[in-house]
Amino acid sequence: DQQVKQNSPSLSVQEGRISILNCDYTNSMFDYFLWYKKYPAEGPTFLISISSIKDKNEDGRFTVFLNKSAKHLSLHIVPSQPGDSAVYFCAASVQTGANNLFFGTGTRLTVIP
Amino acid sequence: DAGITQSPRHKVTETGTPVTLRCHQTENHRYMYWYRQDPGHGLRLIHYSYGVKDTDKGEVSDGYSVSRSKTEDFLLTLESATSSQTSVYFCAISGGETQYFGPGTRLLVL
């Protein structure tokens, strides 16, 4: 049973525009959330995280928003660049640094030049 | 990039044969993990280690065993490989909050 869901398998965005990737979760005990980016034939690369005490975390072009009441988080990339084309995974755990990360199935982002 | 290597990077084996995958880190991190990635499932935790000789099961541990005799090495063993274990296997390490992943091993069980 998938506790973390990414319902959009793919997303295409024009270069320079905003990319919004969404993630929903079912376990109300999740307390820490992460986004990873993955290029083909490489391992996932950590992008940004947020703990449940915040509703927003920003790092350069990347911002993650958390809505705990809706059990929903999103990753915004502004402006989108062709190098951002990759698969993005959302992950969650019951506490910061917990050993068991639960991953979504990923969203493939294509940024069109 | 975190200093994580995985070997082999690709392997083809036959059903019923034993297979061992190796993860090596140069970061001296306490925690090490093995995940598998399959279409429609994302990444799922197989086993993890919280120190030398200290390991525990993850979400999908059946058919797998692990060993950690040194801080830097974490081995994943498929005692008798099955076709359902065809997957991409990722090792990860953590010194605290965030897990960092290796490049992966693509395993095909025929």
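What follows is a chat about sheets, the chain contact and a few backbone details.

Visitor: What kind of model is this, and how are things numbered?
Guide: This is a predicted model, where local features need pLDDT of at least 70, side-chain atom pairs count only at pLDDT 80 or more, and totals for chains, interfaces and linings use all residues. Side-chain values use heavy atoms, leaving out hydrogens and water, while chains are lettered from A and ligands numbered from 1 in the order in which they are written, and residues are numbered from 1 along each chain as its sequence is written.

Visitor: In chain B, what is the order of the open sheet of four strands?
Guide: Strands here are DSSP runs of E with at least two residues, numbered from the N terminus, and two of them pair if DSSP finds at least two bridges between them. The pairing in this sheet is antiparallel. The order is β1-β3-β8-β7.

Visitor: Why is one side of β1 and of β7 in chain B left without a neighbour in the sheet?
Guide: β1 (4-7) and β7 (64-70) of chain B stand at the edges, so one side of each has no neighbour in the sheet. The reason is that each has a single partner strand.

Visitor: Which residue of β8(B) stands opposite B:T20?
Guide: Strand β3 (residues 19-25) and strand β8 (residues 73-78) of chain B pair in the antiparallel sense, over six bridges. Opposite B:T20 you'll find B:T77.

Visitor: Over in chain A, which are the edge strands of the open sheet?
Guide: That sheet has five strands in the order β1-β3-β8-β7-β6, paired antiparallel. Two of these pair on one side only. They are β1 (4-5) and β6 (56-59) of chain A.

Visitor: And what is the bridge partner of A:N67 in β8(A)?
Guide: β7(A) and β8(A) run antiparallel and are joined by six bridges. The partner of A:N67 is A:H72.

Visitor: How much area do chain A and chain B bury between them?
Guide: The size of an interface is often given as the accessible area lost when the parts come together. Here buried area is that loss with a 1.4 Å probe, summed over both parts. Carbon and sulfur atoms carry 56% of it, and the total is about 1,600 Å².

Visitor: Which residues of chain A lose the most area to chain B?
Guide: Contact means heavy atoms within 4.5 Å, and the one between the chains takes 21 residues from chain A and 21 residues from chain B. On the chain A side, three residues together make up 32% of what that side buries. They are A:P44, A:N99 and A:F103.

Visitor: Which element gives the largest share of the chain A side that touches chain B?
Guide: Elements giving two or more residues to that side are β4 (32-38) and β10 (102-103) of chain A. The largest share is four residues, and the element is β4(A).

Visitor: Where does A:P79 sit, given its cis peptide bond?
Guide: The bond from A:V78 to A:P79 is cis, with omega near -10 degrees.

Note on methods:
Buried area is the accessible area (1.4 Å probe) that two parts lose on being put together, summed over both.
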